[in-house]
Amino acid sequence: MPPPPRPPRRVTIPDVARHAGVGQATAARVLGGYGSSSAATRERVLAAAEELGYSTNAVARSMISGRTHTLGVIVADVENAYFARAVRGVSDVAAKAGLQVVLANSDENGDTEKAAVQMFVERRVDGLVVAPAAAGHDHLDKAVAAGIPVVLLDRVVGGAALDTVVVDNRGAAKAAVSRFTEEGHTRIAVVTSASPAENATGLAPGADIWTTTERLAGYRQALRAAGIPAAAEVVRHTGYDRTLARSAVLELMTGPDRPTALFTTDNVATLGTLDALLDLDARIPDDVSVIGFDDAEWATLVRPRLSVVSQPVQELGGLAADILVRRIEGSTARPRRHTLRATYIARESTGPVPARVRALGVRGE
């Protein structure tokens, strides 16, 4: 039986040097992108590399240049449309800077995030964009100490001296809920992933600030501005769980003093809310008005179309990447928080307080 064919030998720098008629050091400089060579020599070496099918050894190049030309990005869940759009913004800017993006999911788990940061540090990425899932910043400080700049996306980590790109979540939520109060609604419920333990009424300086916590704070500010008491029984904490959000809304809408308006602080809560209202055969906005936070693609496909707070998500990711690229290139500007504005989009899911209360019941019950 004949021996198996030997795999083709990898083309090396000495091979390219011989083919181009130059020294190995000259070929290495051209192929590694460092040092200086004449235009004619560079053209000859690159032509030889192409003819031979030479591919750059990224590890060796990084050892020479100190750069891997990669960015690490850590988000909660890339399947979430919000983070998918943010990552697209990061990758578009990175590509223009000649950088590749390597992605990791934290699944909203602090230990998973810390392990991902450590992995990226060991791989010597040039920079990190992190949507933090963990309070505290020791693991991020270690990355910076290792020479890897870090930019936070979407959330603030208290006490961290890091560039941070966020949306004005509190102001946007307040503006959205104020639309309800302007229509005369006084029984306004909120379905949120913010933890009941989080201080949503006024975070202390240096505290970790999470998006949904800020949105819940904006909801409460809008009620106070309208002179409406913030009733605890219409605040439902459901985590990032569509099933729990559905159950919470079913309970709210079949109770003795049901709300006439519903505000949701994230897309998962919005989907659970709409699921419940469909099961109840509730008419939007005749029975209840709804505003969701974030403008998902499906928000204009449901009927009535959903009124939302629209975030500049791709711009958010692009700005984070742009700041990171400048850090990689040597910027020593003082780290700061960059806050982008969100926009309220009025559609057909909001209206005045219903003239009468119609009995609602879950289908099949």
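Visitor: Where in the chain is confidence lowest, and where is it highest?
Guide: Happy to start there: the chain averages a pLDDT of 87, and 88% of the residues score at least 70. Over residues 199-207 the pLDDT is below 50, although this stretch has 16 contacts in the model beyond near neighbours in sequence. Where pLDDT is low, the predicted coordinates should not be read in detail. Among the elements, the lowest mean, 52, belongs to helix 4 (residues 58-65), and the highest, 98, to strand 8 (residues 261-264).

Visitor: Which residues lie nearest the centre of the largest pocket?
Guide: This pocket has a volume of about 450 Å³. Helix 5 (81-96), helix 9 (211-225) and helix 11 (267-279) each give two or more residues to its lining. By class, that lining has 10 nonpolar, 5 polar and 9 charged residues. Of the 24 lining residues, those nearest the centre are N80, Y82, F83, Y240 and V268.

Visitor: How do the residues lining the second largest pocket divide by class?
Guide: The second largest pocket, with a volume of about 260 Å³, is lined by 14 residues, and V144, I148, P149, V150 and R327 lie nearest its centre. Helix 7 (138-145) and helix 12 (313-328) each contribute two or more residues to the lining. The division is 8 nonpolar, 2 polar and 4 charged.

Visitor: How far apart in sequence are the parts that R85 and D294 tie together?
Guide: The side chains of R85 and D294 meet in a salt bridge, at 3.2 Å from N to O. R85 is in helix 5 and D294 is in the loop between strand 9 (289-293) and strand 10 (307-310), so the pair joins parts whose separation in sequence is 209 residues.

Visitor: Is D294 buried or exposed?
Guide: The cut-off for buried is under 20% relative accessible area. D294 has a relative accessible area of 5%, so D294 is buried.

Visitor: Which helices does the salt bridge between R170 and E214 tie together?
Guide: The N to O distance in this pair is 2.7 Å. R170 counts as buried at 18% relative accessibility, and E214 is buried at 13%. The two residues are 44 apart in sequence, so the bridge ties together helix 8 (residues 169-182) and helix 9.

Visitor: Which helix holds both D322 and R326?
Guide: D322 and R326 form a salt bridge, with their closest N and O atoms 2.8 Å apart. D322 is partly exposed at 32%, as is R326 at 40%. The two residues are 4 apart, about one turn, and both lie in helix 12.

Technical notes: Residues numbered from 1 in each chain as written. Predicted model: local features only at pLDDT ≥ 70, side-chain atom pairs only at ≥ 80, totals over all residues. Heavy atoms only, no water. pLDDT = per-residue confidence, 0-100. Contact = heavy atoms within 4.5 Å. 1 Å grid on protein atoms, 1.4 Å probe; cavity = no way out; pocket = protein on both sides within 12 Å on 5 of 7 lines; lining within 4 Å. Points joined across faces, edges and corners; volume = space filled by probe spheres on them. Nonpolar A, V, L, I, M, F, W, Y, C, P; charged D, E, K, R; others polar. Salt bridge = Lys/Arg side-chain N within 4 Å of Asp/Glu carboxyl O. Buried < 20%, exposed > 50% of the residue type's maximum accessible area, 1.4 Å probe, protein only.
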